[in-house]
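This is a dialogue on how to read features of a protein model. Each answer gives the general idea, then the case at hand.

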Amino acid sequence: MPRIAVLPGDGIGVEIVPQAIRVLDIVGRKYNLDFSYTEGLIGGAAVDATGTPLPDETIELCENSDAILLGAVGGPKWDNLPVAQRPEAAALLPLRKKLGLYANIRPSILYEPLVDASTLKREVILGTDIVTIRELTGGLYFGEKKREKKETGEEVAIDTLIYSTSEIERITRLAFEVARNRRKKVTSVDKANVLESSRLWREVTKQVHQDYPDVELEHMYVDNAAMQLVRRPTQFDVIVTENMFGDILTDQASMLTGSIGMLPSASIGGKVALYEPSHGSAPDIAGQDKANPLATILSAAMMLEYSFKELDGAREIQEAVNKVLAKGYRTPDIMEEGKILVGTREMGDLVCQELGDG
Ligand code: NAD
């Protein structure tokens with residue numbers, strides 16, 4: 001029986017996670033995956049109950065599970081705590097590090113009924129279906145940082161961009177594996193005309209590619225990739241890139257699809273993977289049944305795909321979401337004139353109904 005650690009966290013986390021669990025449960029039963037769920041404390045809720053945002057029991061629960069579903073952490077109540085107790089800095093980042101989650105996978109799929117929710121022209125974005133794989137534990141964000149005073153007295157700041165062959169190899173290998181289940185094209189984004197780390201990135205990517213002759217590989221400079229993403233996003237299938245380039249490009253790609261309430265994510269690489277919506281705990285709408293649960297529901301679909309290799313089940317969830325949107329149902333964040341306004345719970349009900357429940 002696959003074990004799922006459920007960490008609702010704070011704010012809207014406690015409203016959206018139960019909707020994703022209902023969906024997961026229906027699809028799980030259909031595909032003979034009888035999930036068991038164990039809830040754990042994280043974030044502000046854990047601070048209130050135990051004094052720490054990431055209790056040892058939560059780490060233990062995660063390490064002993066087959067997958068983790070997380071809502072979101074944080075909120076104004078805990079903003080003024082010392083850094084060591086702040087929900088994001090002291091819970092999420094250490095949890096990702098502890099579990100060895102070196103790859104962040106973020107799909108940017110345009111659900112056709114939401115085509116007019118994007119700021120970009122419909123004819124440009126129609127058909128957008130990109131997976132960006134971002135290296136998450138190396139590069140500029142983790143290299144040595146320091147400040148020095150020059151002889152002139154002027155101050156200089158130094159950030160070190162460092163990548164090893166093994167770090168590049170494992171993330172590019174993942175990209176080729178993911179592409180194999182999709183349209184079989186990998187775009188590796190770098191700045192090899194300027195950066196030595198990018199030249200190594202390109203060399204290693206080419207070597208790894210030899211094991212995946214069925215997948216097409218193209219290299220693209222990051223500045224060109226930024227332009228191509230808004231020029232013709234449908235040319236991309238899987239994008240793989242280093243930490244900082246990925247940070248920037250995934251936010252840019254999110255605008256192809258409309259609302260942050262639609263964006264799922266997966267962090268993988270260790271023994272157990274973590275699935276969560278890309279947004280935060282939205283304290284401004286928490287407790288009001290206004291949150292869009294679809295990013296979390298789509299994160300559950302990613303769990304089926306990546307942790308349980310149940311591609312049909314994942315696709316069924318995505319199709320159910322598409323159908324609910326096509327029928328005109330909208331939470332407030334994606335509401336347009338002439339559509340039907342629903343709350344968090346009702347949006348969950350509608351997806352469950354499309355999946356044949358109730
Ligand atoms: P946020 O993503 O929580 O909210 C930004 C805006 O988007 C808000 O107006 C919010 O109402 C809206 N929004 C977000 N998710 C939505 C959803 N599902 N449906 C409808 N609207 C949605 O970002 P923020 O306001 O910068 O941060 C709020 C808190 O969340 C902070 O404490 C921050 O530290 C934390 N945070 C946590 C995570 C995480 O847990 N991974 C990520 C980002 C921020």
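This is a predicted model: local features need pLDDT of at least 70, side-chain atom pairs count only at pLDDT 80 or more; totals for chains, interfaces and linings use all residues.

Q: How is the span of helix α1 read, and what span is expected?

A: Helices (H or I, at least four residues) and strands (E, at least two) are DSSP runs, numbered from the N terminus. The expected span of a helix is 1.5 Å times one less than its number of residues. Helix α1 has 18 residues, and the distance from its first C-alpha to its last is 26 Å, close to the expected 26 Å.

Q: What does "buried" mean, and how many residues of α10 are buried?

A: Buried means under 20% relative accessible area, exposed means over 50%, and partly exposed lies in between (1.4 Å probe, protein chains only). In α10, 13 of the 13 residues are buried, so this helix is largely enclosed by the rest of the structure.

Q: Which residues of α1 are buried?

A: The buried residues of α1 include Ile16, Val17, Ala20, Ile21, Val23, Leu24 and Val27. Gly13 and Gly28 are also among them.

Q: Is Val189 buried or exposed?

A: Val189 counts as buried because its relative accessibility is 0%. Val189 is found in strand β8 (residues 185-190).

Q: Where is Ser197, and is it buried or exposed?

A: Ser197 is in helix α7 (residues 196-209). With 15% relative accessibility, Ser197 counts as buried. Ser197 and Tyr163 are 34 residues apart along the chain, and their C-alpha atoms are separated by 6.2 Å.

Q: What is a salt bridge, and how many does the structure hold?

A: A salt bridge is a side-chain nitrogen of Lys or Arg within 4 Å of a carboxyl oxygen of Asp or Glu. The structure holds 27 salt bridges.

Q: Which parts of the chain does the pair Glu316 and Lys30 link?

A: Glu316 and Lys30 form a salt bridge through their side chains, at 2.6 Å from N to O. This pair links distant parts of the chain, with Glu316 in helix α11 (residues 311-326) and Lys30 in helix α1 (residues 13-30), 286 residues apart. Lys30 is partly exposed, at a relative accessible area of 44%.

Q: Where do Arg345 and Asp349 lie?

A: Both Arg345 and Asp349 lie in helix α12 (residues 344-354), four residues apart, which is about one turn of the helix. In their salt bridge the closest N and O atoms are 3.8 Å apart. Arg345 is partly exposed at 46% relative accessibility, and Asp349 is partly exposed with a relative accessible area of 23%. Elsewhere, salt bridges that share partners join Asp129, Arg182, Arg183 and Asp237 into one network.

Q: Which residues gather in a patch of negative charge on the surface?

A: Patches are made of residues with over 30% relative accessible area and no salt bridge, like charges being joined within 9 Å. Asp and Glu count as negative. The patch of negative charge holds Asp56, Glu57, Glu60 and Glu63. Glu57 is in helix α3 (residues 56-63), and Glu57 counts as exposed at 57% relative accessibility.

Q: Which residues have a positive phi although they are not glycine?

A: Most residues other than glycine have a negative phi. Asn32 has a positive phi of about 55°, and Lys309 has one of about 50°. Asn32 is in the loop between α1 and β2 (36-39), and Lys309 lies in the loop between α10 and α11. Asn32 counts as exposed at 72% relative accessibility, and Lys309 counts as exposed at 62%.

Note on methods: Residues are numbered from 1 along each chain as its sequence is written. Side-chain values use heavy atoms; hydrogens and water are left out. Patches are made of residues with over 30% relative accessible area and no salt bridge: like charges are joined within 9 Å, nonpolar side chains (Val, Leu, Ile, Met, Phe, Trp, Tyr) within 5 Å. Accessible areas come from the Shrake-Rupley method with a 1.4 Å probe; for residues, only the protein chains shown count as cover. The place of a charge is taken as NZ of Lys, CZ of Arg, CG of Asp or CD of Glu.
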